[in-house]
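Thanks for making time this morning.

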2 protein chains.
Amino acid sequence: MNIGIDVMGGDFAPLEAIKGIHEYLTSNHFPNSKQVTITAIGNQSAIESLLKEYQLTHIPIVHAEDVIGYNEHPTKALKEKPKSSISIGFHLLATQKIDAFISAGNTGAMLVGALFSIKAIEGVIRPTIATILPKLNGNTGLLLDVGLNADCKPEHLEQFAVLGSLYAQHILHISNPKVGLLNVGEEEGKGNILAQSTFPLLKSNTQIHFNGNVEGRDLFNDKADVIVCDGFTGNVVLKLAESFYDIAHQRNFHNDSYIQRFHYENYGGTPVLGVAKPVIIGHGISNAKAFANMIDVAEKMIETELCKKIEQSFQNQKAVSTE
Amino acid sequence: MNIGIDVMGGDFAPLEAIKGIHEYLTSNHFPNSKQVTITAIGNQSAIESLLKEYQLTHIPIVHAEDVIGYNEHPTKALKEKPKSSISIGFHLLATQKIDAFISAGNTGAMLVGALFSIKAIEGVIRPTIATILPKLNGNTGLLLDVGLNADCKPEHLEQFAVLGSLYAQHILHISNPKVGLLNVGEEEGKGNILAQSTFPLLKSNTQIHFNGNVEGRDLFNDKADVIVCDGFTGNVVLKLAESFYDIAHQRNFHNDSYIQRFHYENYGGTPVLGVAKPVIIGHGISNAKAFANMIDVAEKMIETELCKKIEQSFQNQKAVSTE
């Protein structure tokens, strides 16, 4: 398999991306790294000198003479900069030259690229982005949507539950993941119109294991492995949780082993779920460890054929609903 | 002034309420306590023996032979239990026998009582409940709505901004409080339909000092003193923030002076804003300190004539909009 990385994305580009490739290929944390080819996309001479410095060989380079900046308008930038590392990455992914694409660059451009160059899997109404929830019991949960879909309908949340369950099962190794609906109370009937209308859909969906409503206080406990909500609420929650890590840092208790798990570098980026190929978006501040983790997630998504499993799941669902 | 307390509300009733009255009346933290009469509403004999134990005199008692339980249906319970401490409290408040009413009992019954026995101030479309935000700089902010209005319209959020600003000004002593709209990005135009439509209303409202969008990471920083959002998002945020205190406790860094400020007992309960009289709802687990703080907030709301100021503000606004 071949994983493409935009090494020009992120605040410390291209250094941290290359260091991340190095960490991924040399660290014992990543047992499957031997089978993986990593393609570096970006400025050829900058990449070559860093590869030399980090004694990395067998890393194919695809030169990109342009970069999309952080503040550029996503659609406009993708159109006007076909030679940017993100545009080239999506082109390589769309034409089967690479099997997954990772970037810590302009998030909007990554989302637009994923939706329009790669496209949604048939049956998926709205692709979504998820974040990892570090559970107090040591396990890992998933929250989605965290910002791609600010306004949602019940059927979107239902699909997020299916997408999240498949991700939890195959990538996080949670068998029969419990799905929770983020809400303001435990009982059925609670919530805003969206949550009230979503509850019966989740309850009757046989593809998932729905465990009822969860509240803001339940995000890190054991009530649900996959928590679904609209992207507005999810984005507020994500950024609030990130700010708690920053507060912990500021107040000097960030070395707590649980709080450490809130550090973005351990997440391995945000997968775009529901598009036809693995696309992973990194934090702008991504460091080497974050890049190594993103490569690891991409490897798992390819290895488990997650996108194919999602496709099959939505085909089956379609077959069931048209029976 | 006369503040009524339902001493039967809360997990440790009536003991902690009486201890709270004692703390309020004897502690130096509450300089205005000398001018305040506190009326205890609940089981007469239980109250009498506790008042004796805590050597409290001059506490009028209003006997209530019934109690509304935590799991009772609010509207039904209020109708069927006119002799419950909550029903009697609202009756006393509605008939000017007391000037504010506090309870840590059934939250739903407190909200229904506030909305239907006391009623909204003219011009207020939706009364709201707020929570305190402990700021990293030592100040205190306000987040609203935190659960009374799960589905909101832009004009509701605009009114929350006015109500919150008046509370911040008169009770929290923040002059010219900055208002922030909770959103998924900083720039105007970001957000779900609600946030997008609320932004221009806040921007053009001359009664408030709108400072633009704030994100989930900005709740505890200096960007805004009053943060408005729909009650669904606000409730999720509130419970998530509360859970961080619990996590801090579990992980043993809750003694940090900043984290301490997240402890519910320091909040002084949740005021219902936009109803004609001061109503304060306590946490079920309220202890003596929480009750003392709730009495203090009630005292300030009466002393500053906050409800009258809200009424005037909404009258002025009406005059402006019909000019």
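Let me begin with Lys119(B), which is partly exposed at a relative accessible area of 49%, where buried means under 20%, exposed over 50% and partly exposed in between, computed with a 1.4 Å probe on protein chains only. Although Lys119(B) is not a glycine, its phi is positive, at about 75 degrees, and you will find it in the loop between helix 5 (107–118) and strand 5 (128–134) of chain B. Helices here are DSSP runs of H or I with at least four residues, strands are runs of E with at least two, and both are numbered from the N terminus.

Before going on, a word on the basis: this is a predicted model, in which local features need pLDDT of at least 70, side-chain atom pairs count only at pLDDT 80 or more, and totals for chains, interfaces and linings use all residues. Residues are numbered from 1 along each chain as its sequence is written, chains are lettered from A and ligands numbered from 1 in the order in which they are written, and side-chain values use heavy atoms, with hydrogens and water left out.

In chain A, Gln96(A) also has a positive phi, near 60 degrees; it sits in the loop between helix 4 (85–94) and strand 4 (100–103), and at 57% relative accessibility it counts as exposed.

Turning to peptide bonds, the one from Leu144(A) to Asp145(A) is cis, with omega near 5 degrees, and Asp145(A) belongs to the loop between strand 6 (140–144) and helix 6 (154–170) of chain A. Ala13(B) and Pro14(B) are likewise joined by a cis peptide bond, with omega about -5 degrees.
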